Structures are given as structure tokens and as C-alpha cells.
Amino acid sequence: MLIRKIELARELNRMKKCPNQTVQNILKAFLAVRSNTYNQDDKEAFERCENYRNALLKRSEKVSFEIFGLDDEKTMGEICSKAASPKIWCQFLYMLAKKSASQNMLEIGTNLGISGSYLLEATAHNHKSKLITMEGVSQLCNISSRRFSEITNLDRFEIVEGLYQDTFPKILKNPVLFDMHFIDGNHQQEATLEYFMKLKEKTRQQTVFVFDDINWSKGMKKAWKTIQNDKSVLFSIDLWKLGIVITNPSNAGKPTGFKLFLSF
Ligand SMILES: C[S@@+](CC[C@H](N)C(=O)[O-])C[C@H]1O[C@@H](n2cnc3c(N)ncnc32)[C@H](O)[C@@H]1O
């Protein structure tokens with residue numbers, strides 16, 4: 001515990017000295033969540049998102065995963081408790097999108113729209129910002145779509161329905177350039193690397209990639225290691241559950257890595 005605290009203090013000091021503005025935005029988001037320091041708007045947005053989560057947890061309608069070739073069905077409540085990002089990480093995503101004033105956000109993994117709700121709430125005052133989010137299960141797309149339209153106008157979000165093997169090539173052809181990516185679907189080594197390698201080519205300037213569950217499996221650990229050391233990466237921030245990289249396609253230097261702990 002004490003060692004972790006010392007390590008965290010050292011990493012925070014290193015980050016504070018970093019001149020990169022995106023690193024500073026990530027640091028601000030991290031410190032806000034760690035110290036639980038939010039303004040009234042943030043608190044109200046979190047309450048709306050958590051009310052939505054709590055309502056979903058009680059729902060017993062079955063959702064079919066037939067599209068993945070599974071004859072498995074789960075209730076919405078079960079899906080919500082297993083697949084949706086926990087509150088603290090959603091708050092971090094929210095603060096990150098807000099501090100970075102994200103314009104075009106791509107989420108791989110809509111699920112029930114919980115993390116998506118936080119991202120839309122975070123950028124609600126920016127009428128030009130947009131969330132494109134991808135999901136294979138039709139029922140999940142429908143419920144997320146209903147939720148998102150309660151938060152914002154229809155032109156601020158798009159749910160791309162279908163298996164990623166079919167929809168990802170379409171995303172790559174979409175002329176929109178994303179400044180923030182949340183990769184939270186299909187947690188396989190090859191798929192994660194494919195999404196990163198192809199999406200990083202689809203940017204012109206500094207871009208943020210957030211990967212969920214980087215320590216979830218051996219494959220995800222390997223994928224994260226490869227991503228961290230990719231030649232396009234300027235900075236990587238390892239938060240144990242999430243991994244963040246800032247890329248720049250014209251980068252020629254060695255990546256700088258930081259390691260943070262949101263909770264002990
Ligand atoms: C972990 S959940 C996303 C959670 C969501 N980001 C949140 O925090 O609220 C991942 C989602 O990706 C979808 N998914 C996984 N693999 C997929 C694939 N190959 N094609 C389409 N959807 C897929 C699943 O159906 C699931 O809803």
C-alpha cells in the first residue's frame with residue numbers, strides 16, 4: 001500500500017512536468033476522479049447515468065446472443081452487471097472526454113449504452129461533437145438508442161449495428177477522423193491489435209486510444225504491450241484496468257510510459 005502510494009506520487013510528479021497538453025488532460029481527469037472532485041453539472045450527469053444503470057439492473061427481459069452463434073440468453077440485468085463499465089471508470093471516461101473537449105468519439109462495444117451515456121453527457125455542451133458506437137446485438141442497439149436520444153439530439157450519436165468483421169471496414173471508410181477511441185468490445189489479442197493498427201492510420205494529429213481490460217487475459221496483456229511500444233505512440237498511461245495511448249502518425253521518438261492507480 002505504502003509502496004504504491006510512493007510510486008503513484010512519483011508518477012504524478014513525472015506527469016505534471018510533461019508539456020504535452022493531452023497528457024495534462026488525462027492527468028486532470030485522473031485527479032478529479034481520484035479526489036472525487038466534481039462540479040454540480042458533473043454530479044447531476046453521473047446521477048442520471050447511474051439511475052439508468054440501476055433501472056437496467058432490475059430488468060428481466062432476455063437478450064439473445066444468436067448473432068455470435070451462441071444459443072445463450074441473458075437478462076438485461078445480468079448483462080448490465082457483467083459487461084457495463086463500473087461507475088468509477090465511466091466517471092474517468094467522462095472527465096477525460098470533457099477535459100479533452102472531444103469532438104469525434106468512436107466506441108467499439110456499445111452494450112447497453114452505459115459508457116456511451118457518460119461520453120454523451122460529458123460532451124453535451126459541444127453541439128458539434130459526435131459519438132459513433134458499434135454493437136452486434138440488435139436488442140442492445142435498440143435500448144442504447146432510446147437512452148441516447150433521451151440525453152441528446154439524434155445527430156450527436158450513431159449506433160453502428162452488426163458484427164465488427166462487417167462494420168469495422170465501413171468505419172475505416174467513414175471520412176470522420178476520431179480524436180478519442182474507446183476500445184471495449186471483442187477483447188481478443190488479434191482483434192484489439194487490428195482495431196488499433198488500422199485506426200491509428202486514420203488520424204492526422206494526436207489522438208487518444210483507451211483500451212479496456214488490458215490485463216484481462218494473456219492475449220490482452222500481449223496486445224497492450226505491443227500497442228504501448230508501437231512507433232506511433234508518444235505516451236502510454238497504464239491504469240491496470242484501462243490502458244491509454246496518445247498517438248501521432250508522424251512520431252519518430254520512443255514512447256514515454258506512465259503508470260497510475262485509481263484505487264488501492
Ligand atoms: C464489454 S461490452 C461494452 C460495454 C460498454 N462499453 C459499457 O461500458 O457500457 C462489449 C460489447 O461488445 C459487443 N461485441 C463483442 N464482440 C463483438 C463483435 N465481434 N461484433 C459485434 N459486437 C461485439 C458485445 O455484444 C458487448 O455488448
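Helix α6 (residues 114-122) and helix α7 (residues 138-151) have axes that come within 10 Å and cross at roughly 20 degrees. That angle makes α6 roughly parallel to α7, a term used for angles under 35 degrees. The model is predicted: local features need pLDDT of at least 70, side-chain atom pairs count only at pLDDT 80 or more, and totals for chains, interfaces and linings use all residues. Residues are numbered from 1 along each chain as its sequence is written, and side-chain values use heavy atoms, with hydrogens and water left out.

**Helix pair**
- The crossing of α6 past α7 is right-handed, meaning that the near helix is turned clockwise from the far one by less than a right angle.
- Gly116, Ser117, Leu120 and Glu121 of α6 meet Arg147, Phe148 and Ile151 of α7; contact means heavy atoms within 4.5 Å.
- These contact residues comprise three nonpolar, two polar and two charged, with Gly counted as polar.

**Sheet**
- An open sheet of mixed pairing is formed by eight strands in the order β5-β4-β3-β6-β7-β9-β8-β10; two strands pair if DSSP finds at least two bridges between them.
- The edge strands, β5 (157-161) and β10 (256-259), each pair on one side only.
- Strands β6 (residues 180-183) and β7 (residues 207-211) run parallel and are joined by four bridges.
- Ile183 has Phe211 in β7 as its bridge partner.

**Helices on the sheet**
- Helix α2 (residues 21-35) packs on the sheet and touches β7, β8 (233-238), β9 (243-247) and β10.
- The direction of α2 makes about 160 degrees with that of β9; angles run from 0 to 180 degrees between N-to-C directions.
- α6 also packs on the sheet, touching β3 (104-108), β4 (130-135), β5 and β6.

Notes
Helices (H or I, at least four residues) and strands (E, at least two) are DSSP runs, numbered from the N terminus. Angles under 35 degrees count as roughly parallel, over 145 as roughly antiparallel, 65 to 115 as roughly perpendicular and the rest as oblique.
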